[in-house]
Amino acid sequence: MSTEAFVPLSELRRRAADSGGTAGQRRYWKSLDELANSPGFTEFLHREFPHNASEWQDPAGRRDFMRLMGASVALAGLTACTRQPEEKIVPYVKSPEAMVPGRALYFATAVSDHGYAKGVLVESHEGRPTKIEGNPEHPSSLGKSDLHTQAEILGLYDPDRSQALKQRGEIRPWGAFLSAMRTAMEAQKAIGGEGFRILTGTVTSPTLIAQIEELLAGLPKAKWYGWEPTGRDNVRAGAKLAFGQAAEPVYALQDADVIVALDADFLATGPASVRLLNEFSRRRKVEAGPLNRLYVVESFPTATGSVAEHRRAVKPSEVEAVARAIAAGLGLATTAASGPHAKWVAALVADLQAHAGRSLVIAGDHQPAAVHALAHAINEKLGNVAKTVRYVPAATSAQVHEGTAALAELSAELEAGKVDVLVVVGSNPVYTAPAELEFPRRILKAFTLVHAGLHEDETGELASWHVPLAHELESWSDLRSEDGTVSIVQPLIAPLYSAAHSAHDVLGAFSTHQDHKAYDRVREYWRDRLGPDFEKAWRKAVHDGVIAGQAPAPLSLTVQAGDWMQATAKPVSGLEVAFRPDPTVDDGRFANNGWLQELPKPMTKVTWENVVHLSPKTAEAMGLHPGKQTARGLEADVVEVILGGKAVRGPAWIVPGHADDTVTLTLGYGRTRAGRVGDGIGYDAYTLRTSAGMSSAPGVAVRKTGQSVLVAGTQDHWTIEAHVEAGNRHLVRAFTADEYAKDPGAVQKLGHEPAASMTMFPPHKYEGHAWGMTIDLTSCVGCNACVVACQAENNIPVVGKEQVAFGREMQWLRVDRYYEGAVDDPGYHHQPVPCMHCENAPCEQVCPVAATVHSDEGLNDMVYNRCVGTRYCSNNCPYKVRRFNFYLYQDWETPSLKLMRNPDVSIRSRGVMEKCTYCVQRINKVRIDARNDGRDIRDGEIQTACQQACPAEAIAFGDVNDPKSKVSQLKATQRNYGILTDLNTRPRTTYLAEIRNPNPALKSGGRSDSSHG
Amino acid sequence: MASTPHLDPASAPIIAPGHTFSSVTDKIASIVLARRTPLHWFLGFTIAFSVAQLVLLTIVRLLFWGIGSWGVTVPIGWGFDIINFVWWIGIGHAGTLISAILLLLKQEWRTSINRFAEAMTLFAVVCAAQYPLFHTGRPWIAAYWLLPYPNTMGLWPNFRSPLIWDVFAVTTYASVSAVFWYVGLIPDFATLRDRAKNKLMAMVYGIGSMGWRGSARHWHNYESAYLLLAGLATPLVVSVHTVVSFDFAVGVLPGWHATIFPPYFVAGAIYAGFAMVLTLAIPLRAWYGLKDFITDRHLDNMAKVMLATGLIVAYGYAMEAFFAWYSASSWEIFMIRNRMFGPYGHMYWALILCNVVAPNTLWVPRLRHSHAWLFFISLVVSVGMWLERYVIIVTSLHRDFLPSSWGMYQGTVWDWSFFIGTIGLFVTLLYLFVRFLPAISMFEMKTILPGARVEEHHS
């Protein structure tokens, strides 16, 4: 199929989009109705033999058509709530290949994480994307995903997304925007673009880079700035410092025996985290081979730090010193002060040397360039390059000015009134820029401020023109992942809001080809780059989600000595503040995502706000107390954090294992224009963050206010009693590799299980399958991807802060966090808890109406429409995995959220109990497929949502009746244990004991008493 | 017949001397048949009826918004709803005990208190029934899905669930209590019908009397029916609270899962019931001048029953703690420690003070014979028994097996409004009862008159 052949459809799309005119004013479903009814489209649908019948042979074109039709037909039904709709039921004249109503289709595409691609497969039901999974063929996702990827589907259907193109608050048509920009650009062309500035987030899209570079080529004096509040510009700057050229390190953890993280949460944050966690956990499969060993130096406990064998809590300013000490220990010429960590560092260095070429040092993205350079030097010295780390060219354009210095430059230009047109695409500098740059004030000095974003956010509010950006699942583009792999981004659905346009369209408005569609631009870019048979290669690229052969060859770089080898920063005394992206809402971009707001932060279990994190010692010195558990939430002292004359107020939160004399603030909260979910919660740490102290700053003061506030946490705040009890009850069983090797039976000895006959009721018989699950605590890092995946798969509602504080959160799967050992240097344990699907389920016995019953495959089924809501089952569930709809939590009104839901899972109403089903809908789907094929269900064919998402592959699911299944084999290991088995519940979900591999030369912090669960 | 006042209430007569058949009838019937309703009745009724509106308000809110307005949550899935249910059901028990068991045991002193004790039972059951029905998330279906009715889907309730046993136990209890109470009223209805001062009253009481003429045949049938009903009601005294205790004992939760629960709950129920009878009898006999019928001996007897059952309950508490230790089960030990010294420790010690320490003052005759003190103690015991259910339900649930899921509970304003509302409802029903029905059984009172005995001798 040629490009021309495709025009009618894309033309139709354009016309449909444009015909709206002021369509943004309307509800989006009306516009889509219109789209379905527009003469051209209707005609197209009714033509018995389409002119472009060749489209049916082309997967991309076919998908496109189906998407449009699926969406419009699906959306047409929405009007039913308000009035009897004029329905035009359009049958498939010829049934599209592979499209079976009721069966999901999967399309490969990519979503961005701070600009970098994460390869995904999107589940689509009759044209509605409903779930995002990792793309197994994409090297940066390997079929796995993280919490942000999982939550992106809610981002697409977010009812607060910007829906209208506006000029100073007035709704305007796209055409008006184009003509206004044409006029503005004519003036700019005359002066070589001297007053033209572009500000974007990190852009890795080759097409978009080419598009902007082409635009800049015509405007020699124009400039392109890049700004990510928590991006990887320090990584690129570090490489420049060490190698003299911007490059991105790509780690390969499978071959790393010893890993050192310098304040790097590489397992849970950053665009490479999914792949890294996957590779990392492959080295933590106890039965598969020797375990790796992780050393972490950090100030604030992260998921990565929580699974380290050896973790050192240091102030942010000391990380560099530790890095230098390691470098010096390895014989690199750098200054190293011997500090309190000398012995620890010496053991670490010896371990690194013993594993030269099989080790790796990773610096945190936010660490200063010098630390990155040191890490490169250390890796080079150890001979790790090309083994555990390789370097690829930076995915970003060489023409973009990025980092805080560049942003300061833009700020100065704005202040000087030199900026005529500022185009902000996918960035929110008014909210995220360093405080001293005064963006909220200075940005108004741009004569024309164009903002394109998913939301009319803080920047959009001030913009002269605000253009709603199409979501990545709504538009064509391409993206590059951290390792250089390129993916084509294909739309899964036509933009929900007709006013929405892609970044290509918005930036295209400033070029001479205003009317080029994103689809054409992307194809145009790749036309000469995909080899001789473009159409075939293009179809393959779109289908696979990766463009084969586009990954760049590794660079061969050598570290060049420089000033960075010598310490320049003076040691800082006194209290320091550290700024970190929030573990769930990141830098604020996910602030309006209810799933992420309600997701307990991995280490604190706080939801719906950010807190002021302090170490126990520091808090004690300030006279602050741990939060008190009340029936209305956790009551915490409010403190004021003062830096540079500015202050923020938030609840003080004591975090065991936090560095002393440090206060950690997380970004992403205190927003004013995020939307109905994200506005006005938490404090805005950006107001304290300046260019001089982007990741940390000295000279901070913390003042008690004497007030207290209720915080919504899902797990009790830090109480001795709870943790002592958790230990006594052997919920988490942790051993060192040596201990386990010596006495593998020790794991199971900690529990007791009565004889199976100790029950009044006859045993269940399982003649066919019997589903079971294991969760490997050695692999789990508590990243929470499974929790969001479960929420997305099972249509789990969001309940809001007050209800969470009450203890009424609805997540079916939770990750319990336990501490062990000393308060100041504890060990951390994560334990995901889904339903145990007990053989002798206490819940089943007590339900008066038999609303929770045992299936013949051993599932503990919940019959929603039979439930009357006595909550007896929840009371009697020892694992407390049941969730009750105390109110009507589910949103039955918002049209966009209806589209999002998984049609295979019932929506629960008020007064109904619900819980984990082992994704019974997935089991049934596979069962039907297998039956249709006349075969048995294959092991591994059924993946629960949590299992599919888990980058660490900690979750195994399968038939426990089949001794050869993976889950049976894992259950047969001596690491396998159930919790609370003394109650004779006989849980189907069991755990595999946590095995760690500490350095014998070091006494591991909190893990000294490892038999304590 | 001794006409001197008795200094020792224990040996006092169960009816004041000097009464004749007609004086008993006059005295009791006059309360009902009086033309003018006393002002204090209107005052009390108005207050009680106003408070009872809280029930309506809470239920309307509940039906519109869901039970989220209550304090229940995960892990504390039951709160005021079940606390109050058990409390009210427990209170009812004294009525059944007095009317059935004491009848069978030929405890004649019961005759003057059985009528209003039975009424109290019925009203307490009415209050109790609100809770299990409305505490479910979907009361409109909970109302009948728990009943085993034949349906096309072949769906039956889960007969393994104690809640189903509960449904049967409570509905049986309510219906038997109502029948027993009504049957006991029939001869008195006839008396009121005959003495009615206007046609309407005569008709209403006439319908209630079911054509009672007082013939020997009527009396003969009546006596056997009443005795049979008493026999039927007797096991209910034990069964209802036993089954209610199963709601907890069958659960796996430490603090619930205990074999001592049935006797301990039954004793607690009788204890609470007698406390409530005393709470009602003391003001009633003062306001309506019924001291001749509800004598000091009655109060003394009831105080003794209360003391005895209080001691059984105290034994229950002691055994709970003992078995927690003796079982060597870490769950049980943690539970009892948490109950005593955890966040709800103050509730536990308040319960001990109310239910164990306070009633022991009744060993002292002087305190036992002080009506003011007795009234106070009976109120304290009612509070104590409420605390007992609070402690059993909340402290067991709030910290169970997985420390990650521990939580805290506190009743909300709507929990309190429902509770206070049902107290208002209870009092409202009592006011109506006292005004429209004979609070003391007239015909039974006559059987304990000396005259009744004399006639027996002569025949």
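Predicted model: local features only at pLDDT ≥ 70, side-chain atom pairs only at ≥ 80, totals over all residues.
L262 of chain A has A363 of chain A, in β12(A), as its bridge partner. Residues are numbered from 1 along each chain as its sequence is written, while chains are lettered from A and ligands numbered from 1 in the order in which they are written.

Strand β9 (258-262) of chain A pairs with β12(A) through 5 bridges, in the parallel sense. Two strands count as paired if DSSP finds at least two bridges between them. Strands are DSSP runs of E with at least two residues, helices are runs of H or I with at least four, and both are numbered from the N terminus. The sheet is open and has 4 strands, in the order β11-β10-β9-β12 of chain A, with parallel pairing. Its edges are β11 (310-313) and β12 (359-363) of chain A, each pairing on one side only. On average, neighbouring strands of this sheet are turned by 10 degrees against each other, direction ignored.

Two helices lie across this sheet. Helix α11 (319-329) of chain A lies across β9 and β10 (293-298) of chain A and runs at about 145 degrees to β9(A). Helix α12 (342-354) of chain A lies across β9, β10, β11 and β12 of chain A, at about 135 degrees to β9(A). Axes are lines fitted to C-alpha atoms, for helices over the stretch in contact, and angles run from 0 to 180 degrees between N-to-C directions.

Now to the domains. Across their boundary, 23 residues of domain 1 of chain A are in contact with 19 residues of domain 2 of chain A. Contact means that C-beta atoms, placed from the backbone, lie within 7 Å. The domain 1 side has 8 nonpolar, 8 polar and 7 charged residues. Nonpolar covers Ala, Val, Leu, Ile, Met, Phe, Trp, Tyr, Cys and Pro; charged covers Asp, Glu, Lys and Arg; the others, Gly among them, are polar.

Next comes strand β6 (196-200) of chain A. Here 5 of 5 residues are buried, that is, 20 or more other C-beta atoms, placed from the backbone, lie within 10 Å of the residue's own. F196(A), I198(A) and T200(A) cover one face of β6(A), and R197(A) and L199(A) the other. In a regular strand the side chains alternate between the two faces of the sheet. β6(A) pairs in the parallel sense with β15 (421-425) of chain A over 5 bridges, and L199(A) stands opposite V424(A). β6(A) also runs parallel to β7 (223-226) of chain A, joined by 4 bridges. There, I198(A) stands opposite W224(A).

Chain B has 17 helices and 0 strands. Its radius of gyration, over C-alpha atoms, is 23 Å, which agrees with the value near 23 Å for a compact globule of 459 residues; the rule is 2.2 Å times the number of residues to the power 0.38. Buried residues make up 50% of chain B.

The contact between the chains takes 44 residues from chain A and 43 residues from chain B. Elements giving two or more residues to the chain A side include β22 (628-630) and α23 (720-728) of chain A. By class, this side has 22 nonpolar, 13 polar and 9 charged residues.

Terms used
Buried ≥ 20, exposed ≤ 12 C-beta atoms within 10 Å, placed from the backbone.
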